[in-house]
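Morning, everyone. Please bring the model up on your screens, and we will walk through a few of its features.

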Amino acid sequence: MTTQFDRIYHGLSPEVGKFRIAVSGMAWKAEEGEQMVAMQASDIKWAQWIRVARNYQLRIGLKDRSKETFDGFVREDHDRLSHLLKQHFSITLETKEVSFKGWNWGVTDFQGQDLAFLVSNRTAFELPLTNVANSNIAGRTEVSLEFAPRTAKPSRHGPDEMVEIRFYVPGTHTKERGSDAGSDKSDNEDEGEEISAAQAFHDLVKEKAELGQVSGDIILSFDEVNVLTPRGRYDVDMYPEFLRLRGRTYDYKILYGSISKLFLLPKDDLHVLFILGLNVPIRQGQTRYQYLVMQFNREEEITAELNMAEDEIAKYDRLKKNYEDPTYEVVSGVFRALSKKKIIGAGNFQSRNGLPSVKANLKAVQGDLFLLEKYIFFVSKQPTLIELSDIHQVVFSRLGASMGATAARTFDVKIVLKSGSDFTFTSLNKEEHEPFNAFLLEKKVKTKTEKMEGDLIMAEDEDEEMQSVASSGEEVPKPRRGGDDDDDSEDDEDFEASASDSGSPTDTDSDSDGGHTASDASGDRDLMKAAKKGKAKAVPKKKAPAKKAKADESDAEDDNDGDKPKKAAPKPKPKPKAKAKDDDAMDVDEEERPKAKPKPKPKPKAKDDEDGPAKKKQKTKAD
């Protein structure tokens with residue numbers, strides 16, 4: 001006699017089916033499709049009844065310590081199921097209470113292949129340990145459990161799926177000494193080793209979930225592989241469907257289907273990098289790693305034999321039974337065959353050192369910038385991959401020598417993507433600019449050289465500095481201006497101006513020793529006015545240029561420098577000191593006449609002073 005229940009779900013499957021119970025055993029068959037699960041009567045050991053999201057669930061425990069779950073039963077089915085199980089299999093249907101308090105604190109209990117979280121001695125939720133991919137200690141008191149995705153490639157229309165859960169486990173735990181632990185401990189540790197409760201929970205999860213001890217045959221194992229990201233030494237075990245990284249602290253299970261790209265790139269003359277791009281990043285604490293970077297010595301060789309039959313090996317592309325080659329070639333070849341991904345190698349680009357990469361910095365991280373056929377790949381602690389087809393333009397900057405010695409040796413590269421984001425790589429050797437630019441032009445990538453206008457910036461800075469210093473009465477070197485061919489960057493102590501080299505003379509030259517400039521005449525006449533009034537006042541040379549353009553300022557000061565030795569005749573008293581310190585004549589005058597400069601007054605001589613500079617300004621324009 002067979003009893004049937006309709007619209008029952010098996011496990012987490014969304015497919016509904018029919019559940020049947022007979023003397024010979026139980027079976028479930030999907031209404032659509034060919035899915036079917038059958039259990040012999042001799043294999044059934046226990047049964048539980050529990051409230052779940054899809055009404056009620058029937059759990060069947062088997063003699064191999066596995067279990068099968070069936071959802072969709074209603075409350076009225078409990079009595080009928082209990083009677084059938086007692087009649088056919090001589091087992092009692094146990095009712096398991098569930099907590100609905102919603103608390104997030106409680107007690108964990110390992111029940112076979114499940115991790116149960118209990119609140120007030122009632123089950124709040126359960127986690128299947130068979131689905132746990134990794135267990136990590138996130139901090140001192142947190143343990144993170146990561147679950148392997150049901151599908152290798154995430155689908156936009158796929159169902160929501162829990163991929164991680166964290167437990168806060170405070171306190172300490174005393175680890176009792178066993179047969180393999182504590183035999184060589186000191187006397188004060190006879191009672192056991194005290195470890196954090198989080199560490200004890202983490203170790204127990206790894207043991208129960210059999211992390212690092214995955215069932216199945218290992219095809220090939222590589223010991224002590226130097227992994228740069230995440231940093232450490234790991235044993236790499238290759239299985240038919242996945243690989244496992246076993247380190248001292250962390251263990252990772254990576255499905256071959258989650259590998260998106262493979263790179264084999266020469267780092268330098270001694271090392272080779274083998275990089276795995278992952279669709280599902282692995283995690284260490286708070287950090288996620290989307291790329292797994294391995295480093296191999298170029299000269300290191302290995303002899304390996306695959307634990308596979310010849311007919312199985314024939315199913316894979318370019319997979320051999322025996323290897324006796326450099327280690328990086330063996331590892332990359334096995335990964336290429338098992339993951340069924342092509343290996344991306346170095347392109348045609350060559351730096352000045354003959355390598356396919358250049359040294360660069362991204363923010364504060366130093367790394368190698370590889371220029372590949374379809375990608376620009378920055379390999380560092382956190383690798384960054386940029387597709388050439390996604391680049392809007394590349395901007396070069398800091399190429400001018402006017403920005404200083406450091407800028408003359410290095411330059412920056414800003415890569416702007418079509419999405420609007422950008423990456424700025426700094427401190428590239430200037431010798432790499434030409435091959436870098438040639439590579440981008442060959443790939444038809446739009447480039448732009450950003451002119452920093454260093455000369456203009458420096459000139460403006462010098463103007464500000466000159467004006468600030470001139471206001472204090474000090475002379476500063478004059479910047480070179482476009483169109484002012486008579487300006488000198490600095491004064492020459494031995495230089496004496498001639499009549500033909502006195503700048504822009506005025507028409508009111510009354511001195512037979514040579515033509516004086518308007519600024520000189522203005523300064524001398526102001527001094528004569530101050531002397532008549534009985535006051536010793538200095539007239540800064542910046543007085544006249546303050547009323548004129550910047551081009552006249554440099555001309556007037558050059559003329560002053562050229563005529564200073566000839567001022568001894570009209571002003572015999574101040575000139576000896578001016579000759580003693582030619583460059584600082586203004587300072588000497590200020591020492592003798594410490595009071596403020598006089599304000600211009602509308603006197604006849606003041607008009608002459610104004611006429612002199614005005615005529616000089618017209619003369620400068622004519623030149």
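A salt bridge, here, is a side-chain nitrogen of Lys or Arg within 4 Å of a carboxyl oxygen of Asp or Glu. Keep in mind that this is a predicted model: local features need pLDDT of at least 70, side-chain atom pairs count only at pLDDT 80 or more, and totals for chains, interfaces and linings use all residues. Residues are numbered from 1 along each chain as its sequence is written, and side-chain values use heavy atoms, with hydrogens and water left out.

How many salt bridges does a search of the whole structure find? It finds 20. Take K63 and D43: their closest N and O atoms are 3.4 Å apart. K63 sits in the loop between β6 (56–62) and β7 (67–73). D43 sits in the loop between β4 and β5 (44–51), 20 residues apart from K63. Strands are DSSP runs of E, at least two residues; helices are runs of H or I, at least four; both are numbered from the N terminus.

Now, cover. Buried means under 20% relative accessible area, exposed means over 50%, and partly exposed is in between (1.4 Å probe, protein chains only). K63 has 55%, so it counts as exposed. D43 has 22%, so it is partly exposed.

Next pair: D237 and R246, at 2.5 Å, N to O. Is D237 buried or exposed? It is buried, because its relative accessibility is 2%. R246 is partly exposed at 27%.

There is also a network. Salt bridges link E142, E164, R166 and R288.

On to the core. A nonpolar core is a set of buried Ala, Val, Leu, Ile, Met, Phe, Trp, Tyr and Cys residues joined through side-chain atoms within 4.5 Å. The largest one has 40 residues. Which of them touch the most other members? M238, L243, L276 and F335 do. Elements giving two or more residues include β18 (232–238), β22 (271–284) and α4 (327–339). The largest share, 7 residues, comes from α4. In soluble globular proteins, nonpolar side chains tend to be buried together.

Last, some backbone. Most residues other than glycine have a negative phi, and most peptide bonds are trans. R7, in strand β1 (residues 3–10), has a positive phi near 55 degrees. K340 has a positive phi too, about 60 degrees. K340 lies in the loop between α4 and β26 (343–344), and is exposed at 68%. Finally, a cis peptide bond joins T229 and P230, with omega about -10 degrees. P230 is in the loop between β17 and β18.
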